[in-house]
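Let's take a walk through this one, starting with the overall picture and then stopping at a few side chains. Keep the viewer open and follow along.

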Amino acid sequence: MPAARGPGKRLTVMFNPPAASDLPGVPADFRRWLPKNDWVRTLLVLALATLLSFCLRGIGIARESYLMVYMVGIMCCAAVTHAYRYSIAAAAGSVLLFNYCFTEPLHTLAIKSWDDTVLLAFFLTVSSFLAH
């Protein structure tokens, strides 16, 4: 509780960071299914985003749409983890996974097209802002 104001009195405000089990905006029923470790949560979100992107590729959706799936994954990662670094790691991991799985040449980290390089650079920039 803040102290009273007046001459010779100081206003003290304490910030208590949320507990590891307290995730604002995440329903309690969903929280109990989440892994306890934030790195495991980050990897799980990336794996689900990649799996969904492969499903979209299977039905013929354009690959630029896969980046939107990864962006939603980064926002989910920001919601279910407790620090900015996990979302930044998810953004970097999304770029690497998209490059490895969906850009030519496939299954390498090389980029053949200049358009893909620009696309990934913009994606990394925007996803870094989203991660916060």
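Among contacts in the protein chain between residues at least 6 apart in sequence, 59% join residues at least 24 apart; contact here means heavy atoms within 4.5 Å. Before going further, a word on where this comes from: it's a predicted model, where local features need pLDDT of at least 70 and side-chain atom pairs count only at pLDDT 80 or more, while totals for chains, interfaces and linings use all residues. Residues are numbered from 1 along each chain as its sequence is written, and side-chain values use heavy atoms, with hydrogens and water left out.

The secondary structure comes to 5 helices and 0 strands, so called from DSSP runs (helices are H or I, at least four residues; strands are E, at least two) and numbered from the N terminus. Read along the sequence, that gives α-α-α-α-α. Of the 132 residues, 30% count as buried, where buried means under 20% relative accessible area, exposed means over 50%, and partly exposed falls in between (1.4 Å probe, protein chains only). The chain exposes about 8900 Å², and carbon and sulfur atoms supply 69% of that; these areas come from the Shrake-Rupley method with a 1.4 Å probe, and for residues only the protein chains shown count as cover.

Now find tyrosine 70, in helix α3 (residues 64-80). Is tyrosine 70 buried or exposed? Tyrosine 70 counts as buried because its relative accessible area is 0%. Leaving aside neighbours within four places in sequence, tyrosine 70 is in contact with a list of residues including Leu46, Ala49, Leu97, Phe98, Phe102 and Phe123. The tyrosine 70 side chain also has a polar contact of 2.8 Å with the side chain of threonine 50. (A polar contact is a pair of N or O atoms within 3.5 Å; within protein, one must be able to donate a hydrogen and the other to accept it, and residues adjacent in sequence count only if both atoms are side-chain atoms.) Tyrosine 70 and alanine 91 are 21 residues apart in sequence, with 8.0 Å between their C-alpha atoms.

Methionine 75 belongs to a nonpolar surface patch with Val72, Val126 and Leu130, and together they have about 300 Å² of accessible area. Helices α3 and α5 (114-131) each supply at least two residues of that patch. Patches are made of residues with over 30% relative accessible area and no salt bridge, joining like charges within 9 Å and nonpolar side chains (Val, Leu, Ile, Met, Phe, Trp, Tyr) within 5 Å.

On to the charged pairs. Side chains of opposite charge can pair when their charged atoms come close. How many salt bridges does a search of the whole structure find? The search turns up 2 salt bridges, each being a side-chain nitrogen of Lys or Arg within 4 Å of a carboxyl oxygen of Asp or Glu. One of them joins aspartate 38 and arginine 41, with the closest N and O atoms 3.4 Å apart. Both of these residues lie in helix α2 (residues 38-58), 3 residues apart, about one turn of the helix. Aspartate 38 is buried, with a relative accessible area of 8%, and arginine 41 is buried too, at 5%.

Arginine 63 and aspartate 116 meet in a salt bridge of 2.7 Å, N to O. This pair links distant parts of the chain: arginine 63 sits in the loop between α2 and α3, aspartate 116 in helix α5, 53 residues apart. Arginine 63 counts as partly exposed because its relative accessible area is 27%, whereas aspartate 116 is buried at 5%.

Both partners of that bridge also touch threonine 103, as do Phe98 and Ala110, not counting residues up to four places away in sequence. Threonine 103 is in the loop between α4 (84-102) and α5, and counts as buried because its relative accessibility is 0%. A polar atom of the threonine 103 side chain lies 2.7 Å from the backbone oxygen of asparagine 99.

Last stop, the cysteines. A search of the whole structure finds 0 disulfides, a disulfide being a pair of cysteine sulfur atoms within 2.5 Å. For cysteine 76, the nearest cysteine sulfur is that of cysteine 77, 8.7 Å away. Cysteine 76 is partly exposed, at 38% relative accessible area, whereas cysteine 101 is buried at 8%.
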